[in-house]
Amino acid sequence: MTIQERISEAASHIPGNIALVVLTDVDKRISDWKASGGKDDDPYMEQQARYVENVAHVFKQKHSI
């Protein structure tokens, strides 16, 4: 699964307004990273995917209580 697919999958588990904020932030970070010479397979990209996955995990936990 690509980084973009992981981000998209995780974001689908985050409520709308919050998903918009998270995805806007991550999109800006990734765009800046790539503009500065970053590549899709850099560890920074993995970190961004983990961030979205972690936010999704928090919402899954809150809804399973």
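The protein chain of this predicted model exposes about 4500 Å², of which carbon and sulfur atoms supply 56%; accessible areas come from the Shrake-Rupley method with a 1.4 Å probe, and for residues only the protein chains shown count as cover. The chain holds three helices and zero strands, where helices (H or I, at least four residues) and strands (E, at least two) are DSSP runs numbered from the N terminus. Residues are numbered from 1 along each chain as its sequence is written, and side-chain values use heavy atoms, with hydrogens and water left out. Local features need pLDDT of at least 70 and side-chain atom pairs count only at pLDDT 80 or more, while totals for chains, interfaces and linings use all residues.

**Overall chain**
- Along the sequence, the pattern is α-α-α.
- Taken along the principal axes, the C-alpha atoms fill a box of roughly 45 × 20 × 15 Å.
- Of the 65 residues in the protein chain, 29% are buried (under 20% relative accessible area, with a 1.4 Å probe and protein chains only).
- Contacts (heavy atoms within 4.5 Å) between residues at least 6 apart in sequence join residues at least 24 apart in 65% of cases.

**Helix α1 against helix α3**
- Helix α1 (residues 3-11) and helix α3 (residues 43-63) pack at an angle of about 15 degrees, with axes 8 Å apart; axes are lines fitted to C-alpha atoms, for helices over the stretch in contact, and angles run from 0 to 180 degrees between N-to-C directions.
- That angle makes α1 roughly parallel to α3 (under 35 degrees).
- The crossing of α1 past α3 is left-handed, meaning that the near helix is turned anticlockwise from the far one by less than a right angle.
- On the α1 side, I3, Q4, R6, I7, A10 and A11 meet M45, E46, A49, R50, V52, E53 and A56 of α3.
- By class, this contact of α1 with α3 has eight nonpolar, one polar and four charged residues; Ala, Val, Leu, Ile, Met, Phe, Trp, Tyr, Cys and Pro count as nonpolar, Asp, Glu, Lys and Arg as charged, and the others, Gly among them, as polar.

**Helix α1 against helix α2**
- The axes of α1 and helix α2 (residues 16-35) cross at roughly 165 degrees and come within 11 Å.
- The two helices, α1 and α2, are therefore roughly antiparallel (over 145 degrees).
- In passing α2, α1 makes a right-handed crossing (clockwise).
- Q4, I7 and A11 of α1 make the contact with A19, L23, V26, I30 and K34 of α2.
- The contact of α1 with α2 has six nonpolar, one polar and one charged residues by class.

Technical notes:
Angles under 35 degrees count as roughly parallel, over 145 as roughly antiparallel, 65 to 115 as roughly perpendicular and the rest as oblique. Buried means under 20% relative accessible area, exposed over 50%, partly exposed in between (1.4 Å probe, protein chains only).
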